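These are my notebook entries, written while looking through the structure shown below. I began with one stretch of paired strands and then turned to the chain as a whole.

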Amino acid sequence: MSATLRGRVLRVLPLLTLGAAPAAFAQSSAAPARGEVTDGATRAALPGAVVRWLGTDQATTTDERGLFVLPYSTKATDGRLVINALGYRADTVQAGPYVRIALKNSAELQEVVITDRAPSYSSLTPTHTQVISSRDLTKSACCNLAESFETNASVEVTTTDAASGAKQIQLLGLDGSYSLLTVDNLPALRGLSSPYRLNYLAGPWIESIDIIKGMGSVVNGYESISGQVNVRLKEPEKTDRLLFNAYANDFGKFDLNLNTSARINSKWSTALLLHTDHLGTRVDRNKDGFLDLPLATQYNVLNKWKYKSGKAVVSEWGVGALRETRQGGQVGFREDDTSNPYYGITQQTTRYTAYGKTSYTWPTKPYQSLGLLVSGTSHDFQSSYGASTYGVSFDYTHDPDHAGHFRPQRQYNGLQRTGLATLLFQSAIGNTAHVYRLGASYLYDDYQEHLRTGFRAGETAEQERLRSLRARTERVPGAFAEYTYQNSKNLTVVAGARADYHNLYGWFLTPRLNVKVDATQSTVLRLAAGRGYRVANPIAENTGMLVSSRPFSVATDLQPEKAWNVGGSFSQYFTVAGRQATFVADYYHTIFQNQVVADPYTVPSLLLIRNLEPGGRSYSRSFQAEVQVEPLKGLQAKAAYKWLDVKTSYGGDLLPKPLTPQHRLFANLSYASAFDKWRADLTAQWYGRRPYAPGLMHQHDAGASDKVLYSPRYATLNAQLTRAFKRFDVYAGVENLTDYRQRNPIDAADQPFGPTFDAAMNWGPIYGRLTYVGLRFRLE
């Protein structure tokens with residue numbers, strides 16, 4: 001299959017990179033040249049390739065995906081492009097509205113070294129997109145998705161409580177549940193998986209991560225409110241034949257990853273991704289009697305297959321399975337000992353996934369394609385909070401009297417079965433300056449949840465089971481349309497709308513708009529606006545509050561969340577000492593028309609979960625400015641400042657959202673020696689004061705009359721050193737170098753069954769300094 005045809009077929013698969021549709025008309029004399037550069041043998045993208053007009057000095061370089069845009073030059077009399085990349089033979093091609101160039105390896109060079117790196121903020125996409133490349137992912141331990149954002153300023157990873165180890169991302173100051181998480185542009189890890197989903201994708205599986213702020217495409221559904229995080233996994237036909245990664249830290253935790261791939265023939269390729277991690281050491285560094293991190297074991301596997309017909313069909317399938325167990329709580333707790341008096345947390349997750357993506361491109365119309373995307377998930381989560389229980393099924397019906405057994409304080413169990421299908425058609429109106437996409441989708445979600453807090457007087461086991469049950473089945477057919485206009489100079493407009501009919505809540509109407517203007521060759525302006533909907537899972541999204549004595553009070557009339565998001569960004573590309581640099585500033589404002597609010601303020605002894613109160617307000621305002629420079633060869637530096645104003649009405653008062661800092665500073669230095677033999681990375685982060693609700697202990701303090709308390713300001717410092725050899729890398733690092741810790745992260749840790757126990761108001765590091773070592777071995 002030729003590189004040109006392959007590229008055309010793949011155009012249907014990326015669902016949000018809309019500004020690079022294939023062209024079908026003659027090049028305007030003043031139009032910029034656009035296209036992509038790949039390796040002629042592996043078909044992998046070539047970042048850093050130099051593209052210039054023949055006979056001129058006007059040039060550009062390809063980005064992380066091998067894409068480029070080269071403004072027209074009046075000196076380019078014959079309209080040809082010259083493409084150079086170190087280690088490849090130069091090529092000269094005729095310019096067009098979209099060209100694809102596959103460079104051949106140079107016989108004279110035995111080693112390929114790319115000296116120019118693409119900026120992480122894409123200048124091509126109509127959405128405000130930041131790319132975390134595979135190289136960026138090696139700057140930290142990156143054992144899983146949660147650690148993939150440690151050298152990134154846009155996304156913050158927070159710990160939900162001080163005992164369970166659950167982590168969530170924040171984008172634009174909003175919890176991760178408001179950002180759409182996709183894997184290879186398919187919605188994934190949503191619903192009941194949200195508390196621990198960042199642990200379910202291993203770092204060595206990831207090729208790159210796209211962070212999209214604001215409203216994106218309507219193709220992936222109506223759930224995105226603050227943005228989208230798209231994780232691109234290793235591709236079967238492009239990844240290493242073998243990659244082995246081993247990691248160990250001073251807690252006694254180890255991670256092992258093995259990626260293998262095979263090109264079976266010219267049409268078929270496959271990849272097998274394996275991961276396991278284990279922490280079996282009980283560590284309590286702050287001496288509060290609770291484990292600083294839960295004991296945990298995970299087994300995770302994903303198998304991907306890809307088929308290319310050689311003509312017009314590309315198809316990809318994958319299946320995955322995950323099994324994870326966790327045990328936290330007091331150091332003396334043992335899950336299998338029903339007579340011990342200690343507080344414990346047990347969790348067990350079993351997850352199965354499958355997906356398929358198939359596209360057909362008309363051979364005579366490379367801009368016209370038809371795609372079918374399907375996925376299915378089964379997610380089973382069981383947990384208990386409190387004392388030991390009988391067995392692991394957490395089903396009381398076999399033993400309604402619980403004779404001789406300690407009764408857990410709480411049990412939260414959930415089963416989610418999801419199916420999603422999308423049919424997508426793409427074509428052009430007249431020419432590819434006007435591209436449209438039409439589609440239909442169907443979402444099926446079946447939720448079965450139990451939150452058991454104990455029997456009531458005179459209640460039978462069956463009555464208790466029915467009272468604790470929260471069940472719903474969602475069936476949502478939908479249709480969407482999206483139009484993209486791209487002129488020959490500097491304007492891209494993407495306007496889309498979708499209509500979905502929810503069997504429980506009626507119609508969801510979702511309009512979205514993205515506008516990109518290339519004000520100059522090096523200045524890009526973007527505007528984004530749109531609406532998003534989401535059906536909340538109030539227990540799963542507040543599992544951190546289960547690690548406290550707060551009872552949950554959940555309203556029975558919860559409605560879908562609905563919000564508008566409006567914002568934009570300014571990107572300036574320039575040079576410092578002859579090397580590329582980037583300055584980016586963005587501002588986004590999210591306004592909720594309805595929100596499911598978890599209120600710890602109004603009644604500190606309860607967690608009230610209600611709709612946004614009548615006349616109440618809930619909003620998020622986010623501003624970020626970031627600069628990236630390379631002051632010296634091999635030395636990269638970036639610094640960012642983020643300001644957040646996130647507030648919600650709680651009991652008639654407009655108060656800050658708990659645990660969200662208003663100010664954050666970020667800095668990263670990265671140095672690579674010649675041929676990348678040595679790499680050093682240093683990341684510093686400073687957090688302003690975080691608001692939080694008074695804990696259950698504070699409500700009994702005579703002086704604790706304020707509704708809002710604030711944490712101290714603090715900073716963290718991470719560092720890593722890597723030594724590269726021919727086929728393997730050895731790395732060592734330290735997190736939280738200054739050993740900063742939150743004092744007393746758990747209220748009433750010595751009385752976990754008492755009325756003032758609270759591990760949910762966790763605002764800072766718990767276990768202090770962590771050191772680690774690792775090894776990466778690969779066969780290309």
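I looked up strand 27 and strand 28 (residues 523–534) and found that they pair in the antiparallel sense over eight bridges, where two strands count as paired if DSSP finds at least two bridges between them. Strands here are DSSP runs of E with at least two residues, helices are runs of H or I with at least four residues, and both are numbered from the N terminus. I noted that strand 27 and strand 28 form a hairpin with two residues between them, and that Asp-518 stands opposite Val-524 in strand 28.

This is a predicted model, in which local features need pLDDT of at least 70 and side-chain atom pairs count only at pLDDT 80 or more, while totals for chains, interfaces and linings use all residues. Residues are numbered from 1 along each chain as its sequence is written, and side-chain values use heavy atoms, with hydrogens and water left out.

A hairpin through three residues joins strand 26 to strand 27, and Tyr-501 stands opposite Trp-507 in strand 27.

For the whole protein chain, I recorded three helices and 43 strands. Of its 780 residues, 58% are buried, meaning under 20% relative accessible area with a 1.4 Å probe, protein chains only. Among contacts (heavy atoms within 4.5 Å) between residues at least 6 apart in sequence, 67% join residues at least 24 apart.

Notes: Buried < 20%, exposed > 50% of the residue type's maximum accessible area, 1.4 Å probe, protein only.
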